[in-house]
Amino acid sequence: MINKEKKKLNMKVQWTKCIVVLALYLLFLIWVKSWLGLIVVPFIFDVYITKKIKWQWWRDSEKPVRFIMSWVDALVFALVAVYFINLFFFQNYVIPSSSLEKSLLTGDYLFVSKVSYGPRIPETPLTMPLTQHTLPVFECKSYIEWPKWDYRRVKGFGNVKLNDIVVFNYPAGDTLVSNKQWQAADYYQMCYSFGYQLAQGPADISKLTPQEQHDYYDFIYNVGRNYIIDNKQTYGSVITRPVDRRENYVKRCVGLPGMTLQIKNHIVYLNGKANKEPDNVQYTYYVKLLQPIPEELMYELGISMEDLTSLNENGYLPLTKAAVSALKKRTDLVESITLNTDASTGDVYPLNANTGWTRDNYGPVWIPQKGKSIRLDMKNIAVYERPIRVYEGNDLQIKGGKIFINGKQTNSYTFKMDYYWMMGDNRHNSADSRYWGFVPEDHIVGKPIFIWWSSDPDRGGFSRVRWNRLFRMVDDIK
C-alpha cells in the first residue's frame, strides 16, 4: 500500500520539500546549538522520501475512527506548533494590573518577541502549551520537572536596553503557597509580616551588632514561615516553581548591569545622573474634590474606576503630570492636589536589613554584572545575599559577623549573571525591584513589540475597545 502511494507521488517535488524542510530544521539546530535534534532527521526523510512508517494509518480505518483521529492529528499538530512558536519566537501577554499605567493599560494585549533578547532553552521542557504553570479546570501543575535543563539563552537580535519595557519571570515567585487566594501575595513579604506581628522585637534594632541584626531578621522570617506552615488549611502548602514556570511580569528596565542606582525624592539616578522619566509616569496625589469628576473628564485624563476606588478609600489618586495640570485648572471641581510623599521603611528590598530606604528614597545599590566582583561586608550582604544564594546556587552563611560562601570565608564575590532593575511607570502603585530586588538575566522572557488588542475593563460594548491603541508599537510609548 505504501509503495503504491509512493509511486503516485512526484519525487522531484518530494525531494524539493525534503531539502527545504531539512535545511530549515538544520539552521534551527545551529541557532539553538542543540545537535540532539539530529535524531529527528531520519523521520523527516521518511515523511517525504522513504515512507517506511505509516504516519497517517487512520486514513484507511472505519469512518468513526478516521473522523476522530483526523481531529486528534490536527490538534496534536497545532499544540506542537504553538509550543515551539511560544518557546522560541513570540507569545501573547495581557496587562493584568495598573503598575505600568498610563504607558501600558490594564487590558492591553501584547505581542511579545522572544528573539529580541534571545529565547531561553526551557528549564522544564515537558509542559502543556499555552499554560504557564497550572492546568485550567484541574488546577494542577501543567509541567513535569524532569528533565530539568540548566539555563542557556540562544543568540537574539540584541540585549535589554535602558528604559526598555520587558517581560520577565517574577523573581520572588520561586516560593509561594498553594491556596489560590493567596498566590498573588509575595511569600517573603507574608513571612516577615506575620513574623513581626507574632514576635516581639528589640526597641531599637540599630543598637544591635550586625550579626545580631542578621539573626533577628532570620528569627522573624522563620516565625512567619512556621505560622504559614502551621495554618495549612488557610494558606495551603508551601510550594516552589522553577524559573521558567514563575508568573510573567512586565515592567520598565530603569537600571542595567554594572550601574549604581539611587532614588532621590522619587527620581531615579544612574551613576549620579537623573534617568529620564517616562512621559506618562504616574505618582499618587492627595486630592480634595468639591464635586465628582465628570465621566468625560475621567476618560480624557485616563482616570479609571480603580483610581477612583483608591481616592475613595485612601484619599489619593494616581495621576500623570498632564492630569495634575488639567485638574489644578478646574477650580470648580478640585479644592487641592498634593503629592503623596508618605512612605514607610522596612517594606522594601532587602527585607532582612535596617536600611531606612523607602520607595521614593532608595539606595544607592550597585546592580550586579556578569564577571564583575563586589566587596562584601555586613553592611551590604543583605542586598546581595539572594542573588548569590538563590539565583546563582551558592551556600552562603554568616557566622560571627563573617561571610562564608560554599564553606570558605570571603569578603568578595564574582557574579555569574547580569542583573536588571525593573520598575513600573505607576511609581506609587507598582510591586517592582524596590520590593523584591534584582531581576537575573535567566528570568528575562522577551520584549513587547506592539499592542494587538486593548479592552477597557470600565466600559462595555464597542466602547470597551480602545481602537486608538490597536497595533500601536510599544517602543513608541515613552
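Of the contacts in the protein chain between residues at least 6 apart in sequence, what share join residues at least 24 apart? The share is 70%, where contact means heavy atoms within 4.5 Å.

The model is predicted: local features need pLDDT of at least 70, side-chain atom pairs count only at pLDDT 80 or more, and totals for chains, interfaces and linings use all residues. Residues are numbered from 1 along each chain as its sequence is written, and side-chain values use heavy atoms, with hydrogens and water left out.

**The whole chain**

The C-alpha trace spans about 85 × 65 × 50 Å along its principal axes. Of the 478 residues, 45% count as buried; buried means under 20% relative accessible area, exposed over 50%, and partly exposed in between, with a 1.4 Å probe and protein chains only. The chain exposes about 25,900 Å², of which carbon and sulfur atoms supply 58%. Accessible areas come from the Shrake-Rupley method with a 1.4 Å probe, and for residues only the protein chains shown count as cover.

Select Ile30 in helix 2, residues 11-32. With 49% relative accessibility, Ile30 is partly exposed.

Next, select Cys18, which is buried at a relative accessible area of 1%. Cys253 is also buried, with a value of 0%. The structure holds zero disulfides, a disulfide being a pair of cysteine sulfur atoms within 2.5 Å.

**Backbone geometry**

Most residues other than glycine have a negative phi, and most peptide bonds are trans. Go to Leu130, in the loop between strand 2 (108-113) and strand 3 (134-135). Leu130 has a positive phi of about 70° and is exposed, at 67% relative accessibility. Asn271 has a positive phi near 50° and lies in the loop between strand 10 (267-270) and strand 11 (273-274).

For cis peptide bonds, select Trp146 and Pro147, where omega is about 0°. Pro147 is in the loop between strand 4 (140-141) and strand 5 (165-169). Another cis bond joins Tyr349 and Pro350, with omega about -5°; Pro350 is in the loop between strand 14 (334-339) and strand 15 (362-366).

Move to Thr410, in the loop between strand 19 (408-409) and strand 20 (412-414). Thr410 is partly exposed at 23% relative accessibility. Leaving aside neighbours within four places in sequence, Thr410 is in contact with Ile403 and Ile405.

Finish at Ser455, in the loop between strand 23 (444-454) and strand 24 (472-473). Ser455 is buried, at 16% relative accessibility. Beyond neighbours within four places in sequence, Ser455 is in contact with Thr106, Gly107, Arg464 and Arg466. Its side chain makes a polar contact of 2.9 Å with the side chain of Arg464. A polar contact is a pair of N or O atoms within 3.5 Å; within protein, one must be able to donate a hydrogen and the other to accept it, and residues adjacent in sequence count only if both atoms are side-chain atoms.

Notes:
Helix = DSSP H or I, 4+ residues; strand = E, 2+ residues; numbered from the N terminus.
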